[in-house]
Amino acid sequence: MAESQTKSSSKRKQSKFLAQMKKLLFLVPQIEAPPVTDRENVDLQDKMVWTFGCLVIYLILCGTPLYGISLSVLSTSMDPLYWYRPMLASRNGSLMELGISPIVTANLVLQLLIGSRIINVDQNSNSEKALFQAVQKLFAIMIAIGEAIAFIASGVYGHWLYDLGITNTLLVFVQLVFACVVLILLDEIIQRGYGIGNGVSLFIATNICTNIIWKTLSPTTIDTSSGIQYEGAIIALFHLLLTRKSIVPALKEAFYRSNLPNITNLFATILMFVVVIYFQGFRVDLPVKSTKVRGTHGQTKYPIKLFYTSNIPIILHTALVSNIFFLSQVLTNRFGDNIVTNLFGKWRYSVGNSINTRYNLNNLDYNASTPIGGLVYYISAPHSIYELLSDPIHSIIYLVFILSTCALFSYTWINVSGSSPKDVAKQLKEQGLVIRGYREHATHEVLQRYIPTAALFGGVCIAFLTLVADMIGAIGSGASILLAVTIIFEVFETYVREAQQQGMQLNMPNMGQW
């Protein structure tokens with residue numbers, strides 16, 4: 001009796017929440033999905049064109065500077081999202097200033113509310129799932145409005161009244177929100193079935209890969225304390241070999257120069273790509289058979305990968321930490337250094353005398369701000385082995401923090417995304433599949449042994465690989481390398497699966513699909 005009352009109460013909560021949000025959905029632009037019959041037969045080449053087009057628009061947004069801001073002011077301002085821009089698919093000073101932060105933050109908040117049973121959504125109801133996705137977009141727009149106001153108020157672009165003026169302040173606000181709405185629609189175009197994969201993930205991978213390529217081959221010159229140098233690691237290597245009198249000092253500088261990409265960073269990045277690809281192959285294949293087809297034709301495998309929740313843990317971790325970083329810098333810029341703001345976070349503008357930011361105002365990649373105290377310092381990654389060993393308390397706290405948050409997010413995600421043992425058992429039952437050697441009612445028990453363990457251990461492995469990549473100095477950050485590899489791998493798997501479904505003959509190894 002009590003159980004039935006709890007269920008009915010949950011349904012009332014669910015209906016009330018969705019009903020209240022539904023009244024505001026007229027404010028949210030929608031992308032119509034292709035008809036079901038057409039969606040199943042959308043040509044793969046058309047999907048590639050749509051996907052490519054969305055990525056081109058995204059890159060145009062990244063390359064379009066905000067109108068109304070002063071580059072001289074921006075180049076000397078602390079960038080509150082400096083360490084997390086690659087993972088947030090954002091570019092400083094451009095229309096993509098906020099990147100996917102509003103989208104991921106909205107998703108994080110709503111998924112945690114579902115996981116904590118504060119709100120309830122029936123994942124088996126297509127109408128409620130569609131309504132919930134629309135509510136996610138509404139939350140993302142609301143968060144974009146809040147973040148745009150916070151960015152302007154933080155003083156990143158100068159004082160909103162004395163430096164920008166009321167007109168430019170309004171223009172910057174409209175540009176930031178408009179760009180976020182466009183990004184939400186681009187993501188929806190891909191996810192509705194017009195493109196391949198997940199829009200947010202593709203934007204992240206595109207931003208990370210272009211950043212790595214640029215840091216490797218950039219012909220841009222940077223004014224450093226040791227003279228003018230090329231930004232790209234490979235370009236700088238040849239330039240130093242040609243301009244330095246001795247080869248050994250030239251090679252040493254090319255491999256170990258600080259504050260700019262070097263050859264060691266490039267090798268570390270390649271190494272992490274190989275390691276993450278290797279870990280992608282770890283999985284357990286559960287033998288399943290069809291209850292409708294006898295013989296070997298009805299036998300297949302259900303793969304449970306080590307990265308069962310893919311890159312979701314590190315994306316949610318990044319969203320959480322980046323918002324804390326941003327809030328800390330907003331408070332510091334607004335109220336200055338005092339006991340309260342220093343407890344939350346103390347910052348140092350880290351460019352100093354090593355790089356002259358006024359030499360090239362268009363290059364905003366090096367106006368970093370580094371946490372040196374407070375909460376944000378202890379949840380920030382040490383960026384070298386020396387930093388790891390020089391402050392063991394910071395290292396231990398960060399290690400515990402990233403391992404626990406990634407494991408928690410991974411475990412929570414399986415319960416709110418329809419990939420828990422119960423959900424998978426139901427999917428197998430609907431497809432007429434059972435695990436070989438077990439009766440149908442035992443499917444949930446068998447999956448319960450593997451899926452939660454894979455989610456928790458996979459989240460821990462992702463966090464550990466992220467830490468290792470930060471230690472060895474991979475270009476960008478450990479999290480960005482991990483995200484790029486997992487996203488590219490997933491998109492490739494999706495392409496192979498859809499190509500095979502459309503009858504294309506691809507001589508590819510088993511990608512672990514069922």
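Predicted model: local features only at pLDDT ≥ 70, side-chain atom pairs only at ≥ 80, totals over all residues.
Biologist: Is the aromatic pair of W50 and Y194 stacked, tilted or edge-to-face?

Modeller: The ring centres of W50 and Y194 lie 5.3 Å apart, and the angle between the planes is 45°. Planes under 30 degrees apart would count as stacked and those over 60 as edge-to-face. The pair of W50 and Y194 is therefore classed as tilted.

Biologist: How many residues apart in sequence are the parts that W50 and Y194 tie together?

Modeller: W50 is located in helix α3, residues 44-63, whereas Y194 belongs to helix α8, residues 160-194. The pair therefore links parts of the chain whose separation in sequence is 144 residues.

Biologist: Is Q329 buried or exposed?

Modeller: Q329 is placed in helix α13, which spans residues 312-335. Leaving aside residues up to four places away in sequence, Q329 touches M78, D79, P80, W347 and S369. Its relative accessible area is 1%; because the limit is under 20%, Q329 is buried.

Biologist: Which residues make up the covered face of strand β1?

Modeller: In a regular strand, side chains alternate between the two faces of the sheet. Strand β1 covers residues 221-224, and its uncovered face consists of T221 and D223. The covered face is made up of I222 and T224.

Biologist: Which residue of β2 stands opposite I222?

Modeller: Strands β1 and β2, the latter comprising residues 227-230, run antiparallel and are joined by 4 bridges. They form a hairpin with 2 residues between them. In this pairing, the residue of β2 opposite I222 is Q229.

Biologist: Are helices α12 and α19 roughly parallel or roughly antiparallel?

Modeller: The axes of α12, residues 263-280, and α19, residues 443-472, come within 10 Å and cross at roughly 165°. Angles over 145 degrees fall in the class that applies here, so α12 and α19 are roughly antiparallel.

Biologist: Which residues of α19 make the contact with α12?

Modeller: The crossing of α12 and α19 is right-handed. On the α12 side, the contact involves A268, L271, M272, V275, V276 and F279. On the α19 side, the residues are L465, V468, A469 and I472.

How values were computed. Residues numbered from 1 in each chain as written. Heavy atoms only, no water. Buried < 20%, exposed > 50% of the residue type's maximum accessible area, 1.4 Å probe, protein only. Contact = heavy atoms within 4.5 Å. Pairing = 2+ DSSP bridges. Phe/Tyr/Trp six-rings, centres within 6.5 Å; stacked < 30°, edge-to-face > 60°. Axes fitted to C-alpha atoms, helices over the stretch in contact; angles between N-to-C directions. Parallel < 35°, antiparallel > 145°, perpendicular 65-115°, else oblique. Left-handed = near helix turned anticlockwise from the far one by under 90°.
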